[in-house]
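Here's a quick briefing to go with the picture.

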Amino acid sequence: MAATPTRVLYLSHAFAVGGAEEMVLNLVRHLPPAYAPVVACIHEAGPIGLEIERTGVPFRVLGLTPGLRRPFDILRLRDFLYECQPDIVHTFLLTGSLYGRFAAMMARVPVVIGTEVNVYERKRPLHALAERWLMRDTDAVVASAESVRDFYVQQVTADPSKVEVIYNAVDWAQLQTSISREEMRASVDVPAEVPVLAIIARLTEQKGHRILLDALVRPDLAQAHLIVVGDGPLRDTLQKQCSDLGLSSRVRFLGARRDLGNILAAADVFVMPSFWEGLPLAMVLAMGAGLPVVATRVAGIPEVVKDGVSGLLVPPGDSAELGAALSRVVNDETTRGRLGQAARAAVRPRFGIDRYVQSVTALYDRLMAGVAAR
């Protein structure tokens with residue numbers, strides 16, 4: 001008789017467009033038959049939530065907003081877990097990590113797992129205190145990079161043996177294209193012959209878009225165009241900055257897009273000027289496409305990008321250093337080709353989705369074996 005599959009519930013507040021959400025989509029697509037995934041959104045689905053639902057995996061939107069204003073929603077979340085009866089609850093992002101783990105503990109779920117995907121230097125003290133308390137009954141927290149793990153252990157005084165590094169990964173199938181490089185450029189009104197920079201990130205302060213725009217005013221970058229993929233609260237502010245700097249004719253804001261293969265094929269350089277990070281999946285995907293990367297030296301980025309070998313690293317918040325690095329890559333085709341080839345070779349064997357799934361399921365198996373032993 002075949003063993004009953006291990007029932008894994010993936011839980012987040014919502015599944016917007018982002019790296020953590022992408023990991024859940026990849027997991028439900030690639031988990032082996034020994035696991036039965038279920039996905040729940042505490043509040044709303046979000047764009048990637050709808051993609052997850054289309055995979056056919058059991059999917060629930062709970063419409064809850066647990067917190068001080070709606071304290072009983074945490075009990076409703078607990079009741080959902082009683083109904084679902086998962087063997088493992090694996091939570092993602094802040095609301096899922098806090099309230100999801102708390103509800104899972106109240107529902108006596110056998111295995112409770114959190115995730116930490118960024119170095120959150122600005123985490124509220126109350127949140128850090130809550131996570132410190134939750135760690136007592138959390139079986140594991142998955143950190144997206146060594147630097148993320150080290151910071152989290154220190155920040156919440158976590159037991160280091162409970163915090164495991166599993167590097168984020170990408171599905172290389174995302175690099176498939178449906179139109180040519182020239183057609184993609186034409187579709188967003190970018191000339192065929194100019195150097196093109198690309199950034200794929202939420203339009204928030206974290207990602208450093210304003211520093212990038214300041215860097216583009218250098219005379220030796222006057223021909224460079226920038227494709228901005230992503231949406232967020234700073235869109236209007238950044239578009240005004242473009243206008244004020246005289247960059248509007250060279251910067252294209254495309255909003256959230258899923259045809260990333262087409263976009264990366266149309267670009268020459270990928271930029272990630274973040275102030276803080278974990279391990280940005282868009283950057284890893286761009287490196288897999290053979291693009292040279294210019295990024296900030298924060299969190300997990302130096303664990304992937306070797307400065308001067310597979311990309312160039314600069315300090316966060318320094319538009320002059322960023323501009324100089326961009327100029328070096330944009331204006332030197334030999335350097336651009338060398339860095340791009342090294343970037344592809346560095347990430348392709350290391351960050352594929354199969355390896356990620358193997359690491360996650362090995363963690364599940366070990367924790368479930370511990371439950372059986374108890």
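Helices (H or I, at least four residues) and strands (E, at least two) are DSSP runs, numbered from the N terminus. This is a predicted model, where local features need pLDDT of at least 70 and side-chain atom pairs count only at pLDDT 80 or more, while totals for chains, interfaces and linings use all residues. Residues are numbered from 1 along each chain as its sequence is written, and side-chain values use heavy atoms, with hydrogens and water left out.

**Pockets**

- A pocket is an open set of points on a 1 Å grid over the protein atoms alone, where a 1.4 Å probe fits, with protein on both sides within 12 Å along at least five of seven lines; its lining residues have an atom within 4 Å of a point.
- The largest pocket holds about 1400 Å³ of space, a volume being the space filled by probe spheres set on the grid points, which are joined across faces, edges and corners.
- Which residues lie nearest the centre of the largest pocket? They're Gly18, Gly19, Asn118, Arg202 and Gln206, out of 48 lining residues.
- Helix 1 (19-30) is among the elements that each supply at least two lining residues, along with helix 4 (93-106), strand 5 (111-116), helix 5 (125-134) and helix 11 (281-288). Helix 1 gives the largest share, four residues.
- That lining splits into 22 nonpolar, twelve polar and 14 charged residues. Ala, Val, Leu, Ile, Met, Phe, Trp, Tyr, Cys and Pro count as nonpolar, Asp, Glu, Lys and Arg as charged, and the others, Gly among them, as polar.
- The second largest pocket has about 520 Å³ of space. Its lining has 19 residues, with Gly67, Leu68, Leu98, Tyr99 and Ala130 closest to the centre.
- Helix 4 and helix 5 each supply at least two residues of the second largest pocket's lining.

**Two packed helices**

- Helix 11 and helix 13 (residues 333-347) pack at about 115°, their axes 7 Å apart. Axes are lines fitted to C-alpha atoms, for helices over the stretch in contact, and angles run from 0 to 180 degrees between N-to-C directions.
- So helix 11 and helix 13 are roughly perpendicular (65 to 115 degrees).
- Val284, Met287 and Gly288 of helix 11 meet Ala343, Arg344 and Val347 of helix 13, contact meaning heavy atoms within 4.5 Å.

**Positive phi**

- Most residues other than glycine have a negative phi.
- Thr157, however, has a positive phi near 50°, and sits in the loop between helix 6 (146-156) and strand 7 (163-165).
- Asp189 also has a positive phi, about 60°, in the loop between helix 7 (181-187) and strand 8 (196-200).

Key
Parallel < 35°, antiparallel > 145°, perpendicular 65-115°, else oblique.
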